[in-house]
Amino acid sequence: MNTDSVNHPLFGGAFSTVLPPFVQDVSDLREIPDNQEVFAHSCTDQSIIVELLEYQEGVSDTEAARYHFEDVASSNDADGKSEVLSVQPLPLAQLSLTSCTNAWALTGRQLVAKFNEQACNLVNMHLALFRLPQYSTDLLVTFNDPIAVNPDSSSAVNGSTETSPTPWTLEDFNKFLCNLQLHNPDIFG
C-alpha cells in the first residue's frame with residue numbers, strides 16, 4: 001500500500017503514470033485480466049481501472065466515450081440504471097500520452113451491485129478515453145467513486161471516510177491521466 005504519489009509502471013512497464021496516495025494494486029489480491037490494471041483505495045471503495053480495449057472503428061470520436069460507458073454499464077448489470085452527465089474533449093497539450101489522436105472525458109453515474117449482491121450503490125464514474133487507432137486500441141481509464149452506499153452492501157462495512165485516509169479526488173485522477181505515458185508500443189502486438 002502506498003501513502004504517497006509515485007511513478008508506477010503499468011502493463012509490465014509498457015506504460016507508466018503517477019498513482020494517487022493510499023493505493024493498493026488489486027492484482028496483489030486477485031487475478032486481473034491481462035488487458036487491465038486495477039487499483040483500489042486502501043480504505044474507501046474507490047477504484048481506478050486502466051483497460052486496453054479494441055479500437056471501435058465504427059464509432060465516431062465524439063461518441064466513443066459514451067460507447068465505452070454503456071459497455072461498462074452492461075458489464076455492471078447497470079443497463080437502465082446509468083446516466084451520462086457530460087462528455088468533453090481532453091486537451092492533448094496537457095497529456096503526456098502524445099500518441100493518442102484524441103482523448104475524451106465522460107462523467108456519469110451508475111447504480112451498481114458488488115459481487116452480484118442485491119444491494120446497489122450509486123457510483124460516480126469518471127472515464128477518460130484515449131484513442132489510439134494506429135495501434136487498433138482504445139485505452140480506457142475509469143475512476144469509480146461511490147457517492148451513496150446501500151447499508152446492505154458489502155461495501156458498507158468498509159467504515160466511514162471520516163476516520164480513514166483522505167478519499168481520492170478528481171485532482172488525483174487528473175494527475176493520473178496527465179502523467180500517463182507509453183514507453184513500449186510493442187505491447188500492442
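**Notes on the predicted model**

1. Helices (H or I, at least four residues) and strands (E, at least two) are DSSP runs, numbered from the N terminus.

2. On conventions, this is a predicted model, in which local features need pLDDT of at least 70 and side-chain atom pairs count only at pLDDT 80 or more, while totals for chains, interfaces and linings use all residues. Residues are numbered from 1 along each chain as its sequence is written, and side-chain values use heavy atoms, with hydrogens and water left out.

3. Taken as a whole, the chain comes to two helices and ten strands, and along the sequence these follow the pattern β-β-β-β-β-α-β-β-β-β-α-β. Of its 189 residues, 43% count as buried, buried meaning under 20% relative accessible area, exposed over 50% and partly exposed in between (1.4 Å probe, protein chains only). Among the contacts in the chain with a separation of 6 or more, 58% come from residues 24 or more positions apart; contact here means heavy atoms within 4.5 Å.

4. Seven strands make up an open sheet in the order 3-4-5-9-8-7-6, with antiparallel pairing. Its edges are strand 3 (23–25) and strand 6, each of which pairs on one side only, and the twist averages 20 degrees from one strand to the next.

5. How do the helices lie on the strands? Helix 1 (residues 61–75) lies across strand 5, strand 6, strand 7, strand 8 and strand 9, and runs at about 20 degrees to strand 7. Helix 2 (residues 170–178) lies across strand 5, strand 8 and strand 9, and runs at about 170 degrees to strand 9. Axes are lines fitted to C-alpha atoms, for helices over the stretch in contact, and the angles run from 0 to 180 degrees between N-to-C directions.

6. Which residues of helix 2 are buried? They are Asp172, Phe173, Phe176 and Leu177. These residues lie on the same side of helix 2 because they cover an arc of only 140 degrees around the axis, the arc being that of the directions from the helix axis to the C-beta atoms. The cover over the buried residues of helix 2 includes strand 2, strand 5, strand 8 and strand 9.

7. Thr142 counts as buried because its relative accessibility is 3%. Not counting residues up to four places away in sequence, Thr142 touches Ser47, Ile48, Ile49, Met125, His126, Leu127 and Phe173.

8. Ala148 is also placed in strand 9, but it counts as partly exposed, at 38% relative accessibility. Leaving aside neighbours within four places in sequence, Ala148 is in contact with Asn121 and Leu122; Leu122 is 26 residues away in sequence, yet the C-alpha to C-alpha distance is 5.0 Å.

9. Ser86 belongs to strand 6 (residues 82–89) and is partly exposed, with a relative accessible area of 30%. Beyond neighbours within four places in sequence, Ser86 is in contact with Ala105, Leu106 and Thr107.

10. Two backbone positions deserve a look. Phe22, in the loop between strand 2 (15–19) and strand 3, has a positive phi of about 60 degrees although it is not a glycine. Ser136, in the loop between strand 8 and strand 9, has a positive phi of about 55 degrees, and it too is not a glycine.

11. Finally, on confidence, the chain averages a pLDDT of 88, and 86% of the residues score at least 70; pLDDT is the predictor's confidence in each residue, from 0 to 100. Over residues 158–162 the pLDDT is below 50, and this stretch has four contacts in the model beyond near neighbours in sequence. Where pLDDT is low, the predicted coordinates should not be read in detail.

Technical notes:
Two strands pair if DSSP finds at least two bridges between them.
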